[in-house]
Amino acid sequence: MNVSTVRPGPQPDEVARVTSTAAELLEVLWGRASTAPASASQLRVLLILEHHEGINLRTLADSLASSPPSTSRLCDRLQATGFVERVVSPSDRREVRLRLSDRGRTFLEDLRRRRQRELQAVLDVMPAAKRAALLEGLEAFCDAAAGQIHHEADSDVRSA
């Protein structure tokens, strides 16, 4: 009789540790694809605006866990570089809506291409089976993270 031992799946804390290390390595790789002229904080603003077109300053500040004055200064700099546009809300002329400009979209597209090239160089040396496993795991992670973020955002809207 042959009894094989089944190794239990990796525990969430082990996966979290390895994922954190991977994220740090991604930061190093992506650092090679400079985000200039945008700082890391400004890049976060651009990414939020890309997914939440037309949000107001307070909502953006909440998303950044920052104060409205600090967020306004970030947006001032992004507007000066031509990455962000401020538009008066059609429903309330006192409210300003924030949008990613065409130049801001082009910047993000170019940044993603440069980052993808850096990442591609690493993936090229991985065995195909490991790349497939990584893809499957990352897709599941993205689905879970997006679901959690959207759930939290929905809860914030209901409690406001």
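The structure is a predicted model, in which local features need pLDDT of at least 70, side-chain atom pairs count only at pLDDT 80 or more, and totals for chains, interfaces and linings use all residues. Residues are numbered from 1 along each chain as its sequence is written, and side-chain values use heavy atoms, without hydrogens and water. Mean pLDDT (the predictor's confidence in each residue, from 0 to 100) is 87 for the protein. A value of 70 or more is reached by 90% of the residues. Among the elements (DSSP runs numbered from the N terminus: helices, H or I, at least four residues; strands, E, at least two), helix α4 (residues 68-80) has the highest mean pLDDT, 95. The lowest, 82, belongs to helix α6 (residues 128-159).

An unreviewed UniProt entry lists "domain: HTH marR-type" at residues 12-143. UniProt positions follow the numbering used here, feature names are shortened, and annotations may be inferred rather than shown by experiment. This stretch is 69% helix and 9% strand. Its end C-alpha atoms lie 16 Å apart.

Zero disulfides are counted, the criterion being a pair of cysteine sulfur atoms within 2.5 Å.

Helix α1 (residues 12-31) packs against helix α5 (residues 102-123). Their axes, lines fitted to C-alpha atoms over the stretch in contact, are 8 Å apart. The angle, taken between N-to-C directions from 0 to 180 degrees, is about 120°. α1 and α5 are therefore oblique to each other; that class holds what is left after roughly parallel (under 35 degrees), roughly antiparallel (over 145) and roughly perpendicular (65 to 115).
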